[in-house]
Structures are given as C-alpha cells and as structure tokens.
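Hi,

Here is the structure I promised to pass on to you. Have a look at it first, and my notes follow below.

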Amino acid sequence: MAERDKELRLALVCYGGISLAVYMHGITKEIWRLARASRGALDRDPPGGGSEGLYRALLDEIAEATGLRLRVLVDILAGASAGGINAVFLAQAISTGQSLDPLTDLWMEAADVEALLAPSQAPSHRLQKFWAAPIAWFVANRSKTIEHTVEAVARDEVRGKLERFVRSRWFEPPFGGSQLLGTLLDALDAMAAAPAGKRLLPDGQPLDLFVTVTDFRGHPEELRLNSPPKVIENEHRLVFSFGDHGDPGARFAHPCELAFAARATSSFPGAFPPLTVEEMDTVVAGRGIAWDGRDAFLAHVLPRQWEDGRAEKAVLIDGSVLANAPFRPATDALRERPARRQVDRRFVFIDPWPNGRFDFYGAPAERPGFFQTIIGALSELPREQPIRDNLEEIAERSERIERMLGIIGEIRTEVETQVESLFGYTLFLDYPNPKRLASWRRRAQIAAAAKAGYGHTAYGLLKVDGTIARTAQLLHGLDDRHSPERLREIREALTWTVRERGADRFGATIANGATPETLEFLRAHDLGFRIRRLRLLARRLAEIDDPSSTAELLPMRDAIYDSLGRYLELKRTDSFSDLREQARALKRDAGPILDAIAARMSLKALDAETDTRLSEGFAALSRTLRRPLLLAHLGFPFFDIATLPLLQGEGMDEFDPIRVDRISPDDCGAIRKGGAEASLKGIQFNSFGAFFSRAYRENDYLWGRLHGAERLIDIILSTLPSGALPAERAEAVKRAAFHAILDEEEPRLKAVPGLFEELRREVG
C-alpha cells in the first residue's frame, strides 16, 4: 500500500497550577516522548523503550493499516506560571534534542518547601513564633487533609514542613527567588549535560515559545481616540517570545534567558518575590556565567522599559495574574507556519485542575463576606475568563474555514462549467507545460474578473488591503517597537505609498479590471493569493486521494507542497532580517522598502518555477485524475472572488479548521474516574500541596505521565478515519502504555509503593 504523509501539529498551551507543575511535568514528558517516537519513525531509527516504544509501534501500526504515515510534532508552546516553566523546558528539549529525563529527579528534590524556603525567611530556632504551630495544625486538620490524602508513612513529614512553613517570617514571600532561579539554571545545565538526540522538528519548521509575565508597575501605551486624539494607558501584560526559525544547529536561547522567563512567569504573588534584573545579574555573577546578549535580550522582552531606560528597574510577577491561558500569542504564531504536507492542527491545553479554585469563597450556598469578596477579586476572578474568548475566536476561525469550504463545494460544478466553456474540452488533451499553464491561468483570471462585474472592484480592494496588512505585520516584526501604535504607523505609511503610486485602482471599465500599476503591485507583492491557490489545490488533491490513487498522486503532491513551502518562507520575518534598519527608519514614504521587499521575494520568478513543478505534476497524472486538479487550479480566481471576504482579506496559512483538545484529570477515566480530586495530591493547601511531600510529588508526576499517555493516544486516533482502529484495540494500546510507564517509573519512585500496586490492579 502506498503511503501518504500527514502532520499532526500540536500547539501546546500550559496553564498555571503552582505545585501542580509536577503533574504537568509528567504530561510534557509524555508529549516529548511522543515527539521523539515520531522523529525516530521518520528517520527509521531503532525504536526506544518504555512509552516511547509504544508510541512508535502505534505510528507504525497506523501506517500499515491505513497507508497514512503520521508525523507528530510540537511547534508552538505558550505557558503561564507553572505551565510557563514546563513550556520552557519542553521547548528547549524540542529545539536542541536534549532530554527531559534529568528534570524528574530535580522536580522530586527541588520542588520542596524546605528547598524553596528562603534562608532569610526560615525560623532560626524552634521557639521562633512557636505560637504559630497551632495555626499549622488547624490548617492541616480543618478538613482532615493530611489524614485523608497523605499515606501514613508521609504524614509526619507533611505536618513538620507545614509547621515550619507557617512559622517562617510573615508579610514577606516565604520562598526564595534566588533559590528558584538557581534551581531553574541547574535544570537547564542537567539537560545540557545529558546525552542528546536530534532536533524534534523538521529542518525549516520553526519552533515558537511564548511565556506570559506581568509587569507589576506597568508601562505606558498610547491609544487613539476621537477626542482627545491620544490617551495613555498603563499596560501590565508582557509576552516573552523565543524562536529558532527552523534553522538546524541554531541556538534556541541562552540558558539565562530561558531561566529569566521561567522565574518571572512563576513569581506567584505572596509566595515568591517579584523578579528583578538585579536578582538575575547577582545570580549570574555568583555562578560565573557568561551571558552574551544580555542587553539585546532585555531590549527584546522589555522594549518600552529599555527604551525609557527603566528595564533594570522593572518588577516582574506571575504571568497567570493577567493571562493564565495564553492562547493569543499561540494563535498569532500560525501566520508563519510552513507546509510540506497535509496538516491536522490541534491546540492542546493542559489544565491540571479544571474549575479548581482557591478556598476563599466558602460553601457554594454561602454569601461571600467582605474579605472573601476582596481577596477573591484580587487573586482569582480576572484569571477565570480569558479562555472562553480565546476558544470562541479559534472556533469562529474554524467555522469561517468550514463555511468557505462548504461554499467551494456548492459552487464547484458551476466553476468547472465556466472553466470548461472558456477553454473547451481540448484543455485536457494538451500537455500542460509551464508556458501553457501560465497562459491558461491569466486567461482564467481575466474571465473571472469579467464575470464578477462590479463585485471584482470590492474583491480587488480587499486583496490590496490584505497585502498591505501582511507587509505591515512583516515590517512590524522587524522593528524594535512592538506596539499597536507602531503597527498603525507602518500600515498608514504603506497605504499612503500604494495610493500615491495608483496601485489601488479597480473598475469594470478598466482593461483587465485594474490599472497597470495595480496589477504590477499585486504581481510583486500579493503573496496571499499564491498561497491560497496552492492551499485550494492541496485540498482538492486530498479530496480525490484514495489508496488506489496515492502512488500516482505522489509527484503532484510533492510539487504542490514544495511550491507552497517556498511561498510560505517569504512570510517569515527572519527571511528579511537585513531590512531591519530600513524598517526601523520607516516614516512616511514606504516606497524604497516596498521595492526592496518585492526584489527579495521575486514572486514572478517564483511563479515561473512553480509553473514548471506543477506542469510536471500534471503531466504525471492520468486524464481522470488530471481533470479535477486542473479545473481546481484554473478555477481558483472564481473560488477566490467568492470566498475571500469570509477569510477577511489575507486568508489563513494553515488552510484547515483548528481543533482544540484538553489534557486534564477530568478527561482521563481509563484508569480511575473522579478527576483531580481522585488522583492528585498537589491540589491540597490551595494547590501548594506537592511542595510539602515527596510522596505528593511522586504521585502527581506519575499520574501526569499516565494521563498524558491516555489523552495523546486519544488525540492520535482522532486524526484517523472513523473505524481505522477498533475501540478494543485502542483500549489495548492504552493498557500497554500504562504498564510501560509503571514498569519504567517503579524503580525510581520509592515514596509511593502502594500506588503502583493499586494502579496495576486498576489497569488490569
């Protein structure tokens, strides 16, 4: 059976969760093992052991049963607070090929209240605040927390650490920022020292990491109004971004930069002190680290503060305060994704405790009191809402694409009739060489414009506007001033230049529907039109593909995705890095930089290369398969006029709906039902529980691996046609994965021996 390739691309969003970071480490470790298994399958490497070997066997089984060679990769990560720490480590492992295994022992040892407690905050002797001990006992016993949730052998440990914690100095954060920062640097050093494998993404596939941080003091941002014309708003949200641009061997980030981001995003208010640049400099100097690029990094992550000379005075706190579910930067990253094969895009978010809340509110029937209302509003309410808006935005985007595809399906017969009447049936008899293909395409575009009438003017203006918007985003990415006001200035300069050149003139009375200046502008800059055309052709190929035609369609598939990849490369900011100074200096006249961009893209030459590739692909097809693909290619102008308004001008890089999957205890019932309350210990003490006992941490880490395996297998199987793998086979695969994880972890996790016995009985 001929195999066809498909990519399951995961954009991972990691929530905050305080000590549930240990649980998320277990999940991200499974994601890392799946990515390693996929990379090994691609390279035909010997399969690994444990759950990684199980994932490899599953991918091989899918290829044999369905002819689908599924590649699983993680190319976008976003995280806040505890999720930010895990996103940082996973991104480093994906980009460098380093191992996450060394982190497990560090989590077990270092994520402990005794290790995290700042020396200056610890009680100096047993009698210091001896009267606070009863408070610790009250906290522990108010709901019989310790007796009900801690194994008997660990209860004395938890009681003792809780007493010490409560007796620490009050009114200052008990945990040490320098201790946490040192632990993060130790973790990155441990990863670097361990044996490393290959980068877990294909060459040219960029990896993007986004970590949310809160600027405690805030920084001014300018807003435009009708009156007054401008106002200043204090902005507190920050997003630290990292990327490797898909270049093999390129350094993802300096360890100090990753540690800085992880420390800043996890500065939970009241538990850890805010991060300052001074703290970072002190720790770096104390460890003797050479941090090349320090100033450039600070200018990148704190641009407004750096510009005003205040970066070193910035006070940074937990990213989850204002953005606990950072979907927005992850969705924005979709603009620069390459495509070499069919893509199934998933947004996967890790929520360690769905609907978990701090115990400030009392029973549901109680009316909250004065202090409950204030504390709840300050600490948690702002963090509960953003996901709904983000998920609705993703859903709306997917619905627009579904509607567009539905419209294409409805009008396909009419469009094909128009194309056939334009060219006649001899179209399918002629050899589609590059010259003919280009000539046919121009003729089809002129005919589509004429048929559209005055509607073509609106369509043309939308294309110009979309091209200006894409170019503005490109230049904004090259500029140091990443603010909405600067993006607006760039777009206004581009719009003014296009109008001055007369490159936005359309009309039914004009030959070819537009002025020569307008046509020249679109031929030189309208990258979106080319990408949409190839996306439509790829979609049509997928629709007619079946096991009997896969081998014959392979040259055409390669021609489409090879061509598409070359156009998509031109959407990446780093492809124009030598224009950075021009972008920074751009004011009113954008003519010179527009011309420089056009020369760099050289779209006319790229179009000629594409015509050569596609003509060879068409020539390799039988007449039966060539007909629908050639009609789709030549009919694209008709389809685009009808559907571009739905795509809001520029269109989508990944021309498929996005599906969203969650990984949480509530979604995992294959072993034990009941959600977080039935499996996790770290939810105790308002999610600080795992800091108080190694048994807690071992429990949550193990459940993280088990839950991660269960949901990842679900997600893999959801990419397949219905019934491709019987339900009983899916359950058997999960059981095998659970046993592999238990076998692998039992020698390491010594504090929870009874848990392994329970789980083996439950797994069966």
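This is a predicted model: local features need pLDDT of at least 70, side-chain atom pairs count only at pLDDT 80 or more; totals for chains, interfaces and linings use all residues.

Glu396 sits in helix H16, which spans residues 386-423. Together with Asp389, Glu392, Glu399 and Glu402, Glu396 makes up a negative surface patch. As background, an α-helix has 3.6 residues a turn, so residues three or four places apart point the same way.

Next, the aromatic rings. The structure contains 13 aromatic pairs. One of them joins Phe240 and Phe260, a stacked pair with 6.1 Å from centre to centre and 20° between the planes. This pair connects distant parts of the chain, with Phe240 in strand E4 (residues 230-243) and Phe260 in helix H10 (residues 255-265), 20 residues apart. Both Phe240 and Phe260 are buried.

Phe242 and Phe297 also pair up: their ring centres are 6.1 Å apart and their planes meet at 25°, so this pair is stacked. Here too, distant parts of the chain are linked, since Phe242 belongs to strand E4 and Phe297 to helix H12 (residues 294-301), 55 residues apart. Phe242 has a relative accessible area of 6% and is therefore buried, and Phe297, at 4% relative accessibility, counts as buried because the cut-off is under 20%.

Another spot to look at is helix H27, residues 636-643. Seven of its eight residues are buried, so H27 is largely enclosed by the rest of the structure. The buried ones are Phe636, Pro637, Phe638, Phe639, Asp640, Ile641 and Thr643.

Finally, two backbone angles. Most residues other than glycine have a negative phi. Ile18, however, has a positive phi, near 55°. Ile18 lies in the loop between strand E1 (4-14) and helix H1 (21-43), and its relative accessible area of 13% makes it buried. Arg44 is not a glycine either, yet its phi is positive at about 60°. Arg44 is found in the loop that runs between H1 and helix H2 (50-66). At 57% relative accessibility, Arg44 counts as exposed.

Happy to talk any of this through.

Best wishes

Notes: Residues are numbered from 1 along each chain as its sequence is written. Side-chain values use heavy atoms; hydrogens and water are left out. Buried means under 20% relative accessible area, exposed over 50%, partly exposed in between (1.4 Å probe, protein chains only). Helices (H or I, at least four residues) and strands (E, at least two) are DSSP runs, numbered from the N terminus. Patches are made of residues with over 30% relative accessible area and no salt bridge: like charges are joined within 9 Å, nonpolar side chains (Val, Leu, Ile, Met, Phe, Trp, Tyr) within 5 Å. Accessible areas come from the Shrake-Rupley method with a 1.4 Å probe; for residues, only the protein chains shown count as cover. A salt bridge is a side-chain nitrogen of Lys or Arg within 4 Å of a carboxyl oxygen of Asp or Glu. Lys and Arg count as positive and Asp and Glu as negative; His and the chain ends are not counted. The place of a charge is taken as NZ of Lys, CZ of Arg, CG of Asp or CD of Glu. Rings of Phe, Tyr and Trp (its six-membered ring) pair if their centres lie within 6.5 Å; planes under 30 degrees apart count as stacked, over 60 as edge-to-face and the rest as tilted.
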